[in-house]
Amino acid sequence: MPEDGLILANARMLDGNGFAEASESWLRIADGMIAEISDKPITSGTGRTIDLNGRTLMPGLIDCHVHVTAITVDPGRTAMLPDVTVAFGAARIMKKMLMRGF
C-alpha cells in the first residue's frame with residue numbers, strides 16, 4: 001500500500017509559466033511523484049507536512065549551456081593541458097553542478 005508521502009503546504013508555486021493563480025498552494029508527493037496540487041489544504045493521516053510559510057516552490061533548474069571542460073579562464077591554456085587533466089577537471093565541475101541541483 002503506497003504511503004501518503006510528503007505534503008508541502010502554504011507554498012507560492014512557480015510552474016515554469018509564472019506564478020500559479022493562488023498565492024497559497026499545497027502539493028502532495030507520493031511514491032516519488034507529484035500526486036496532487038491544490039489551492040486548498042491537503043490533509044494526510046500518515047504523511048509528513050512541511051509548512052513553507054509562503055516560500056516559493058519551483059521545478060528544478062537546468063543549465064542549458066555550460067562548458068564543463070573550461071577548467072581555466074584561458075581556453076588556450078586549457079587546450080594545452082593533457083586530456084586526462086581536463087577530464088578530471090570536467091568531472092569535478094559536473095559533480096559540483098549536480099550537488100547544486102542542476
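Tutor: Leaving aside its neighbours within four places in sequence, P59 is in contact with L14 and D15, where contact means heavy atoms within 4.5 Å. This is a predicted model, in which local features need pLDDT of at least 70 and side-chain atom pairs count only at pLDDT 80 or more, while totals for chains, interfaces and linings use all residues. Residues are numbered from 1 along each chain as its sequence is written, and side-chain values use heavy atoms, with hydrogens and water left out.

P59 lies in the loop between strand 5 and helix 1 (75-80). Helices (H or I, at least four residues) and strands (E, at least two) are DSSP runs, numbered from the N terminus. Although D15 and P59 are 44 residues apart in sequence, their C-alpha atoms are 6.8 Å apart in space. With P59 and T72 the picture is another one: they are 13 residues apart along the chain, yet 31 Å separates their C-alpha atoms.

P59 counts as partly exposed because its relative accessibility is 44%; buried means under 20% relative accessible area, exposed over 50%, and partly exposed in between (1.4 Å probe, protein chains only). D15 also counts as partly exposed, because its value is 47%. In the protein, 23% of the 102 residues count as buried.

The protein has two helices and five strands, and from the N terminus on the order is β-β-β-β-β-α-α. Among contacts between residues at least 6 apart in sequence, 50% join residues at least 24 apart. The radius of gyration of the protein is 20 Å, whereas a compact globule of 102 residues would have one near 13 Å; this quantity is taken over C-alpha atoms, and the globule rule is 2.2 Å times the number of residues to the power 0.38. Along the principal axes, the C-alpha atoms fill a box of roughly 60 × 35 × 20 Å.

Finally, confidence must be considered. The mean pLDDT (the predictor's confidence in each residue, from 0 to 100) is 85, and 90% of the residues reach 70 or more. Where pLDDT is low, the predicted coordinates should not be read in detail.
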